[in-house]
Amino acid sequence: MRAVRTVTEKQEQLHGMALGGIGTGSVEIRQNGSLEDWEIFNLGLWAASDPEKHNKGNLPEYDQDVLPFYVRAKQEGREPVVRKLSHGRKIGGFRSVMYSFLKNVETIRWTPDFPICHMEYEDPGLPVELKAEFMSPFVPRDTKTSGMPGFYVNFQVKNKTSETAEVSLMGTLKNPVNRGLADRKLKNTVKTVGERTTLLMESSSDIKAEQNGSMALSVLDGVPSYIKGDYAEFFGAYVLGGTFGCSEESCLFGFRDYGELPNLGWEEADGELHMPDLEALKDLGEEKIEEMLESVKKLASGYRPWKRLTEVRPDILETAEGKREFLGILLRQYRNLEEMPCGGFGDGALCSKVILQPGESRTVTFLVTWNFPNHISTENSYVGHKYTCWCKNAEDAAIYLTENAEEIQGRVRMFSETLQNCSAPTEFTRNWVIQLSTLVKCSWWACNGDFGIWEGLGSCGFHTMDITYYGSYMILALFPELQLRQMEMGTRFQREDGRVHHFFRPDFEHVDGGYDRVDMNPQFVLMVCRDYMWTGDREYLKLMWEPVVKAMASTEKLDADKDGLPDHDTRANTYDAWRFRGIPSYIAGLWLASLTAAVHLAEEMQEEELAAHWREILAKGKESFKKLWNGEYFSLWMDGDERDECLMSGQLDAAWYCRIMGIPGYVEDGYITKVLDQVWRHNYTEEGGLINASYPEGKKPTLYTYGNVQVESNWSGIEFALSGMYLEMGEFERARAIAANVDGRYVQAGRIFNHEECGGHYYRPLAAWTLMLSLSGFRYDRARAAVTIAPKQETLTIPWFTCFGYGVLKVTENRVELCVLDGKMEVEKLQVRKGGMPERLVAGGAEIAFQREENTIMPAERITLNSGEALILCLAMAGTAPGGL
């Protein structure tokens, strides 16, 4: 028998799920159980595109054991069992191998179901079952709650034995306030209000440093205890040596012995103890020595060695000389701790103890909140945070999240469960769930309400127009006011010639010079149309109308021969390593789609002259577009007699956009089917995934397209769009294969939460949200209260979301049920593209009379569905009875 262990290595997920609020900065909960990548201090990649250049690096040494959690379980007559609820990647902190009582929990099961990360901790030594929910306050359409700087940690403990168990949970928190600054002026307080006990870390300094602010750790259940403020190393371990022997000092020994903390600690550092010359202790009077001794006894790190000495040699502390000697040992140690790179006073801890009877379960909730208001861009412009409009410090955030905990957590759980209430293959579901994390990870929300998302974390800029085009469906569905705001922000920087901005950088007061990209104007128009259709917000439409007209006029000028298609100045676009020429199919398609959208908007604005003008161009352009057809697919571009026959996967990107918007397209289905067949044949393989383009055999390449950095690469945002287009065209298995390939590729790379393109945590892959729309065929035009349902499977259960509510769509052979779980739904028209004759319509439990015009159902009255209500349509299938209720 082999004595040596065999260890199986699997790819670790290198990034975790983001926790926090929208625009607040975030923390990642990693698969090893640790909280890492604390991007909440207005520093690091989250705050600047070039942290080194702008001296905005991460806080020093703030990446390990920032907030570790521990559990202790004790049964009568047995030694306590203590486990750290994470697995370390670095050796440090408590020397657990020397002191075997503290072990890492054996197994951690990590299930990141955004916005909740489920953790299961398993260890045969523990007499309790232990689970946790790490939960962001992410509530659709509730921007205040979703913008709160904090998150919940709900520990669920169950006594699995036949004996009573005493269970304690503890979190120790490194103080981040003014970390790295010379004079931090820290102040820690502990407050108990009702069931909430909060350890608040702040500073009396008014310095405008990015890391000046406050942070709080709160506990809501059980019997609380705390260490208010102590030296950082005491929350790991250090050796205290001197004439009275050597001892290992750590708060973890007391936690092991008592299952609670000593309720000690300073609010502020005692400056009198930091004597420049410890020899001066000899000259201090007994009264002063006693005063200093009492001060150090208020520290847990001072009280523990004092208690040790009194238990063995109390006589030593009965003399002035003994007190001086003891005090000198402590002060020398504290001086050493102050001089350590990450030492010094200010860290703290909270603990909660509960008694569990056999089989009993309890939940202990911790809250982590913060408030760091000095968000300043690298141009020294004040950005701030929206959360400062509601919270003056971290305790205010804790109060809000505590007082509304039941409602918030209930709504978060319902949202999380709804996202995954889908009978379609999980390859689709996982992608739209995972990409939500980027919305928290990469967003800024300024105190004046401006909003944007990094194109890639710390890369390029914010609200990149050609990336928002793909990624903003998720934002619009969940927080429409934020999508409308970033679109309105862009109009401030529209040039007089009608060109729209590329991206904001390094803040919301400046943009780059990327006005040459010709895909952005049509994308801008398409998004305005989509936003209006989804929200029905006429004030938004009025505000955006003139920018739309200018954007359309600007693109129209690119059509020199007046055939309805742009034919010059078409080089620059989102595929910025390519050199398009003449009429590119990708650009021409976007222009034709934007004409369709512009006509729709002009009709809404009763601008018939403009609508007629754009209809005329659209008719010519649709016919001219066929010139790009090479018999198998649309050429990459055509410039006079020259053509580039590169097969671009996203050549009909705009046709996909028209379909998910629910507006007429610009190219017949037959062309789309043939293009998708060629893309599948030449651009997709199981090993290579879906690449952006290729040259089929026999096609002559051009230098700037062939083998460029973007041609053979995989952009998951584009892959999601193509997966959706295959769904739209009824190619279910091909769509599934692409979605599964993206998912599997990032799992094997250890980066399920970090899709990369131009930077990590990229914005474009938020397009995964549209897979939900394509699977269900669900469209909602709020301006007309019109609902369309065209499911891609005969039977399907899937979520639906609008700007006003969400719920679950259930489709069976002869029944369609639209359930409202949150918010409301208003319906005046209903289209169901599914076999069968509509027989009965029921809304909110009442039967509704209706008329039918072809495949459109017109209820006799406007239907309003509120939370908990459903709209049910029963269909009579050929040879079957009508569907029952």
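Select Ile857 first, in strand β39 (residues 856-859) of this predicted model. Because its relative accessibility is 2%, under the 20% cut-off, Ile857 counts as buried. Show what surrounds it: leaving aside neighbours within four places in sequence, Ile857 is in contact with Glu828, Lys829, Leu830, Pro838, Leu841, Phe850, Gln851 and Leu873. Ile857 and Val128 are 729 residues apart along the chain, and their C-alpha atoms are separated by 57 Å.

Now colour the model by pLDDT. The average for the protein is 94, and 97% of the residues score at least 70. Residues 880-885 are a stretch where pLDDT stays under 50. For residues 880-885 the model has 16 contacts beyond four places in sequence.

**The open sheet**

Select β6, β5, β4, β11, β18 and β15. These 6 strands form an open sheet in that order, with mixed pairing. Which strands stand at the edges? They are β6 (102-104) and β15 (223-231); each has a single partner strand, so one side of each is left without a neighbour in the sheet. From one strand to the next, the twist averages 20 degrees.

Go through the pairings next. Strands β4 (residues 69-75) and β5 (residues 81-84) run antiparallel and are joined by 4 bridges. To find one of these bridges, select Ala73, whose partner in β5 is Val81.

Move to β18, where 11 of the 12 residues are buried. β18 pairs with β11 in the antiparallel sense over 9 bridges; Gly171 has Leu350 of β18 as its bridge partner. β15 is also antiparallel to β18, and 7 bridges join them. For an example, select Val223 and its bridge partner in β18, Lys353.

Select helix α11 (residues 520-535). The helix has 16 residues and reaches 22 Å from its first C-alpha to its last, close to the 22 Å expected at 1.5 Å a residue. Is α11 mostly covered or uncovered? It is mostly covered, as 16 of its 16 residues are buried. Just after α11 comes Gly536, with a positive phi of about 65 degrees.

Show the side chains of Phe, Tyr and Trp. The model has 53 aromatic pairs. One of them is Tyr473 with Trp534, an edge-to-face pair at 5.6 Å centre to centre, with 70 degrees between the planes. This pair links distant parts of the chain: Tyr473 belongs to helix α9 (residues 465-478) and Trp534 to helix α11, 61 residues apart. Tyr473 counts as buried at 0% relative accessibility, and Trp534 is buried with a relative accessible area of 7%.

Next select Trp656 and Tyr657. Their ring centres are 5.6 Å apart and their planes stand at 70 degrees, so this pair is edge-to-face. Both Trp656 and Tyr657 are buried.

For a group of rings, select Trp46, Trp444, Trp454, Phe462, Phe493, Phe504 and Phe508, which ring pairs link into a cluster.

**Backbone stops in loops**

Two cis peptide bonds can be looked at here. One runs from Phe114 to Pro115, with omega near 5 degrees; Pro115 is in the loop between β7 (107-113) and β8 (116-122). Another runs from Arg505 to Pro506, with omega near 0 degrees; Pro506 lies in the loop between α10 (480-491) and α11.

Select Asn42, in the loop between β3 (35-39) and β4. Its phi is near 65 degrees, a positive value in a residue other than glycine. Asn42 counts as buried, at 0% relative accessibility.

End at His463, which has a positive phi of about 45 degrees although it is not a glycine. Where is the place of His463? It is in the loop between β22 (459-462) and α9. With a relative accessibility of 0%, His463 counts as buried.

Note on methods. Residues numbered from 1 in each chain as written. Predicted model: local features only at pLDDT ≥ 70, side-chain atom pairs only at ≥ 80, totals over all residues. Heavy atoms only, no water. Pairing = 2+ DSSP bridges. Helix = DSSP H or I, 4+ residues; strand = E, 2+ residues; numbered from the N terminus. Axes fitted to C-alpha atoms, helices over the stretch in contact; angles between N-to-C directions. pLDDT = per-residue confidence, 0-100. Contact = heavy atoms within 4.5 Å. Expected span 1.5 Å × (residues − 1). Buried < 20%, exposed > 50% of the residue type's maximum accessible area, 1.4 Å probe, protein only. Phe/Tyr/Trp six-rings, centres within 6.5 Å; stacked < 30°, edge-to-face > 60°.
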